[in-house]
Number of protein chains: 2
Amino acid sequence: MGEIGLAIALKSPGGLEVASEKSETSRSGNQRVTIREVAAKAEVALSSVSRALSGHPDVSDEMRKRVKEIADELGYEPNLVAQSLRSGVTRTIGFVVRDINNPMFALLARSCENELRRNGYSMIIVNSDGNIENENRNFSLLRRRRVDGIIASLVSEDSPYLRKNLEGPRSPIVLLDREVKGISASAVLADHAAGVHEAVTHLINAGHREIAFITGSNNVYPTRNRLLGFTKAFEDANIEMRPDLMAIGGFDAEYALSHARILLHRNPAPTAILAGGHGALMGVSRALKEKKITMGKEIAFIALDQLPYLEVFSDNISTVYRDTEAIGREAARLILEGMDGEKPRVSLIESQFIERASSQGGI
Amino acid sequence: MGEIGLAIALKSPGGLEVASEKSETSRSGNQRVTIREVAAKAEVALSSVSRALSGHPDVSDEMRKRVKEIADELGYEPNLVAQSLRSGVTRTIGFVVRDINNPMFALLARSCENELRRNGYSMIIVNSDGNIENENRNFSLLRRRRVDGIIASLVSEDSPYLRKNLEGPRSPIVLLDREVKGISASAVLADHAAGVHEAVTHLINAGHREIAFITGSNNVYPTRNRLLGFTKAFEDANIEMRPDLMAIGGFDAEYALSHARILLHRNPAPTAILAGGHGALMGVSRALKEKKITMGKEIAFIALDQLPYLEVFSDNISTVYRDTEAIGREAARLILEGMDGEKPRVSLIESQFIERASSQGGI
DNA sequence: TCCCGTGTTGCAAACGTTTCCAGTCAAGAG
DNA sequence: CTCTTGACTGGAAACGTTTGCAACACGGGA
């Protein structure tokens, strides 16, 4: 410390003209130019301006040119709210996300937004914080906003509000890595099972028998699907699975941390660990660090899902990879299809085991 | 490979009822219940329903109770588009972001969205991909959507479109870490200079003289402000700065990588490196890895901005820290203030040097 | 008894578009 | 020369709300 004086000395940003006397910026003052003024200045009917600007065919070249000139001159920008009300289409997609803190979602949301924007749609993101009440409110909010479609990564597949929000006639829906029986919605599903099968088989072939598996609860598809691949790998190798080494129940780091601690204390201790998702990865790696166990040496470690930040620093971590950006793009395409009136469909994204240093050792 | 058969075998998700014959889901079919039907069923006027539901004082208890019951019964959900058109308020904030790929923005956007939602606002995120043409289009889009306010992390402070987008009467604006002269907008500015000054002073005291600095171009406030702290630290220590060790010009990893390579080849080589931002951190750390230089041993390293993923794996990296979530919250509060008609103001967020292992060594 | 405020309700005009319908005009067909 | 056709244009209704204003009933004071 003792730097306080300096901090203050450096603290004058200067350059922002903060307090102008008029506060015209407030929500009111704002006289925006409407189609009516364009029509008046061009001395034509409202309807003609509308047609000229919206590309309607029944407009003479002269009319279109003239209206466009005057619209530009006045700086006319159509009111999307009014257009939406009249046309019944908002050109907006709602994106309901379970937990935007998960860095994979930033990537996914970005590629999705990109694709949507290229098609003239905007995206409203609402975060449920892993809470089904919030999620329910978010669905309601998006309906009130009359979004043209919803892309959703649900908190759980058995929330009591789900039927209300997903059933019946409504705007198209795309589920991200979720299976809900009996509703008609599109979905992007990752084929986790294949990648996990590959990964576990690799471990088994390397001699591992005590393989721990820590991941979130099985009320969502990814957990069940990973479990499928996990189980099948043992079956195919004709080896007994070790249910006592599995902790299936929480996506948060705390859950993973505490269960990893317990598992690492067992005797015999697991020789390999699979961590499913962002939270599990954080929790497990913290537990290993606590016990000064180095992954790739004393224990083999595989992360399910290649989280974006891994590329930067922990580029030695073996992962089950799926193309997150492709998932985002695909979700956008499915929702666009749905709004075009096409039938819902499921799109499968493959996954694959990527071997790096961390999955060695341990035996 | 050779697992193809398995992959296919595992590939049947089952459980999603995909192709129902009716595709009621499309944009049309959708007869939503309006205020008119509520009024009809309750046998009162439209206006009474509106008043009853919106909390208007001139409504009898009986009327309010009855209308609410019937609205619930019919599952009435007000049309926000119509409300917006009539009232002139959309309860929507636009969030213009330079590059949503930067993981700090996920955090920032999340805390901001949280705060806004608690106040009844939704957030529309638009990404400029570091391109000023996109940014300009994004501003226009948000204006057409009649958002009540815009929070923006500008690509550059001297884009030719800026005046048009920021000047004149318009909805309130909050700039994130940007200074634009002559306009009246709120801003959240981080006090990078203080943290950088602390960090550099620490290096100088440890004996470093050849301190390299790699960061983005100085057409944005953070670079200039960091530079301020950097320069001042040398001045205060009465030591000559080494401009030839500074690479100020690009936020992307490629720029940082190539310049780090060059700098590391100099003779004498820098004994310490500061990396400003996500891209710089990635580029520099890759360059070090290439040359098998370990940070904290052969070279001292400090990252400007504690990026979220660092906590997980590279928890030995010294950083200049600022509270990203606080920035998001503060941005939300400033925009809410602005919509309340209050004058724009600037909010300063402090930063501080956090010493860890990576800033040792090198001398 | 009359008048007036008060508390409540209904009517109708906006908000800024799109789109249906009817009308105009000129050109070509009969 | 008249009729039809086609290309274009203008008028007005509608989308679902909110809100200013008028109307009404009721009770109390003069």
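Around DNA strand D there are 26 residues, a residue being near a molecule or strand if its C-beta atom, placed from the backbone, lies within 6 Å of it. The closest are A:A45, A:S47, B:I35, B:S47 and B:S50. Two or more residues each come from helix 3 and helix 5 of chain A, and from helix 2 (35-42), helix 3 and helix 5 of chain B. Helices (H or I, at least four residues) and strands (E, at least two) are DSSP runs, numbered from the N terminus.

This is a predicted model, in which local features need pLDDT of at least 70, side-chain atom pairs count only at pLDDT 80 or more, and totals for chains, interfaces and linings use all residues. Residues are numbered from 1 along each chain as its sequence is written, while chains are lettered from A and ligands numbered from 1 in the order in which they are written.

Now for the other DNA strand. DNA strand C has 26 residues around it, with A:I35, A:S47, A:S50, B:A45 and B:S47 coming nearest.

Next, a helix pair in chain B. The axes of helix 3 of chain B and helix 4 (residues 61-74) of chain B come within 9 Å and cross at roughly 90 degrees; axes are lines fitted to C-alpha atoms, for helices over the stretch in contact, and angles run from 0 to 180 degrees between N-to-C directions. Helix 3 of chain B is therefore roughly perpendicular to helix 4 of chain B (65 to 115 degrees). Helix 3 of chain B brings B:S48, B:V49, B:A52 and B:L53 to the contact, and helix 4 of chain B brings B:M63, B:R64, B:V67, B:K68 and B:A71, where contact puts C-beta atoms, placed from the backbone, within 7 Å.

Chain A also holds an open sheet of 6 strands in the order 7-6-8-9-10-12, with mixed pairing; two strands pair if DSSP finds at least two bridges between them. Its edge strands are strand 7 (246-248) and strand 12 (352-354) of chain A. Strand 9 (residues 300-304) and strand 10 (residues 318-321) of chain A run parallel, joined by 3 bridges.

Methods. Parallel < 35°, antiparallel > 145°, perpendicular 65-115°, else oblique. Contact = placed C-beta atoms within 7 Å.
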